[in-house]
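Please keep the sequence and the structure in view while reading.

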Amino acid sequence: MPVNAAYRPDPRHQGLGPEFFDRVAPARFPRADLRFRNDRWAARIGLDNLTDAEWVAHFAQFEPLPGNLQAPLALRYHGHQFQSYNPNIGDGRGFLFAQARDAQDNRLLDLATKGSGTTPWSRSGDGRLTLKGGIREVLATEMLEALGCYTSKSFSLIETGEALQRNDEPSPTRSAVLVRLGHSHVRIGTFQRFAHQGDLESLRALTDYAITTYWPNAAAAADPVAAFLKSTAGAVAMMAAEWFVAGFVHGVLNTDNTVITGESFDYGPWRFLPYADAGFTAAYFDESGLYAFGRQAGAISWNLQRLAECLLPLSTEAHLVEALEGYGPAFESALVRGTMARLGLATDKQGDMDALARPFYAAMSRSRCGFERAFFDLVGGALPERMLASPHAEVYETDVWQPVIAKLREMPKSAAAQETLAHPYFERQAPVTMLIEDMEGIWAPIAAADDWSAFYSMIADIRSMGAAHAPLLTSRR
């Protein structure tokens, strides 16, 4: 296989031992039609020079990559699902396929799958992924990356030629296998499994692995375990804040969907807000609104508390409580920083939360102004020419918005704002959005006529948006 010099395999997870995974065989698919390959990120791990045939061989037929895992690993974990503990879960339709180093920053990256067949943890499932589900994940990750959020990357999407029966969409429906790229698949639920089993040896091994691999600075602390928890809490606080600023609702914030690096992943019933609404839910089955937009930060905090409980045998309660206390301030700081960055303002002081951030989101909510539209119109500090060109121009003249507009105009502008506004993206009549109607508009021609033009056009538009926002957002972490 023609890997290039950037390819550096590092299959570390298998060194944890057989208590952590099951070796599995991938499904054999009747067809393999390549629909999406992420060459931007393939270049980061030295795989961008694969031909399409070689790509399919590795990411649909799962021939091992050189020097990497010789058999996929279905990872074992437990989890609280809607805050009800479930010890009978694990990788049921996916596996860890390979691990490699990022050529730019040397961080470890996992190549893992969704829809790659049954495993010992599949229960009654078929281990498959619908094509529409795969498209939804590609679009979610591309959109979040463009908005500066720390997310797993959709690496590959290949249609596999099977007809699937599903209760939540018209059936039979088309099938696919997705490969995602992320910095970790170690979940809070991974720790819960060993704590639940009372397996202190494996719990300690997992914690040591997590510190060494993901949070090495914690190793030098007086209490490395508490330092690890503090680092994880800060990272997931940033994730929650980034979702808020992006207007994103994950939908299923179970402990098995929360990874210790604070990277968002595993996109099921996600949604982007049409307008600011704290009660907006993404999952039709979230009848109580447990994971509604305005409750996501609290749900993630609850998950962190479950991780702290797992770590009690390895640290002290006082140290772990202290580590968790940083979550709230970290979330609020990241929320202010992210909001100001998106608006092109050169300030992120704590006082800006009450001075601008809260009033800004309150005005969005009260006016039901489009969430993405407000940022699009007001970037650079509410420039009059941009506001006048907006379909919401009259809304911005109301008493709801006027105090916020005045505050935006008096705040200092960031050096990046001018560069961002010069990008052709901001000459558009409307921002790129990924609302439910946008998604359905992309899926409809694929389902009806195998017409992928809207999908590829949307990817191009999202990446243009990302390039425009990059000067504002790249320094947030």
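Leaving aside neighbours within four places in sequence, Gly247 is in contact (heavy atoms within 4.5 Å) with Arg271, Phe272, Leu273, Phe293 and Phe371. Gly247 sits in the loop between α6 (224–246) and β11, where helices (H or I, at least four residues) and strands (E, at least two) are DSSP runs numbered from the N terminus. The model is predicted, so that local features need pLDDT of at least 70 and side-chain atom pairs count only at pLDDT 80 or more, while totals for chains, interfaces and linings use all residues. Residues are numbered from 1 along each chain as its sequence is written, and side-chain values use heavy atoms, with hydrogens and water left out.

- Gly247 is buried, with a relative accessible area of 1%; buried stands for under 20% relative accessible area, exposed for over 50%, and partly exposed for what lies in between (1.4 Å probe, protein chains only).
- Gly247 and Asp277, which are 30 residues apart in sequence, have C-alpha atoms 9.2 Å apart in space.
- Asn257 lies in the loop between β11 (248–249) and β12 (271–272), and its relative accessibility of 9% makes it buried as well.
- Once neighbours within four places in sequence are left aside, the contacts of Asn257 are Arg187, His250, Val252, Phe265 and Asp266.

**Overall build**

- The chain has 17 helices and twelve strands.
- Its radius of gyration, 22 Å, is close to the 23 Å that the globule rule gives for 477 residues, so the chain is as compact as a globular protein of that length; the radius is taken over C-alpha atoms, and the rule is 2.2 Å times the number of residues to the power 0.38.
- Along the principal axes, the C-alpha atoms fill a box of roughly 60 × 60 × 45 Å.
- Of the 477 residues in the chain, 58% are buried, and among contacts between residues at least 6 apart in sequence, 73% join residues at least 24 apart.
- The accessible surface of the chain, from the Shrake-Rupley method with a 1.4 Å probe, comes to about 18,300 Å², of which 51% belongs to carbon and sulfur atoms.

**Helix α4 and its cover**

- Helix α4 (residues 188–197) is mostly covered, seven of its ten residues being buried; these are Ile188, Gly189, Thr190, Phe191, Gln192, Arg193 and Phe194.
- The cover over the buried residues of α4 includes β4 (79–81), β5 (84–86), α5 (200–214), α6 and α7 (296–311).
- Just after α4, Gly198 takes a positive phi of about 70°.

**Salt bridges**

- Side chains of opposite charge can pair when their charged atoms come close.
- A search of the whole structure finds 29 salt bridges, each defined as a side-chain nitrogen of Lys or Arg within 4 Å of a carboxyl oxygen of Asp or Glu.
- Asp10 forms a salt bridge with Arg101, with the closest N and O atoms 2.9 Å apart; this pair links distant parts of the chain, since Asp10 is in the segment before β1 (21–23) and Arg101 is in strand β6 (residues 96–101), 91 residues apart.
- Both partners are buried, Asp10 with a relative accessible area of 19% and Arg101 at 17% relative accessibility.
- Asp52, in helix α2 (residues 52–59), and Arg37, in strand β2 (residues 33–37), are 15 residues apart and form a salt bridge whose closest N and O atoms are 2.8 Å apart; Asp52 is partly exposed at 47% relative accessibility, whereas Arg37 is buried at 18%.
- Salt bridges that share partners join Arg31, Asp33, Arg35, Glu159, Arg174 and Asp450 into one network.
- Within this network, Arg31 and Asp33 form a salt bridge with their closest N and O atoms 2.5 Å apart; Arg31 is partly exposed at 38% relative accessibility, and Asp33 is partly exposed with a relative accessible area of 23%.

**Backbone geometry**

- Most residues other than glycine have a negative phi, and most peptide bonds are trans.
- The peptide bond from Ser171 to Pro172 is cis, with omega near 0°, and Pro172 is found in the loop between β9 (153–164) and β10 (173–182).
- Ala382, in the loop between α11 (371–378) and α12 (384–388), has a positive phi near 60° and is buried at 0% relative accessibility.
- Asp450 has a positive phi of about 55° although it is not a glycine; Asp450 lies in the loop between α16 (436–449) and α17 (453–473) and is partly exposed at 38% relative accessibility.
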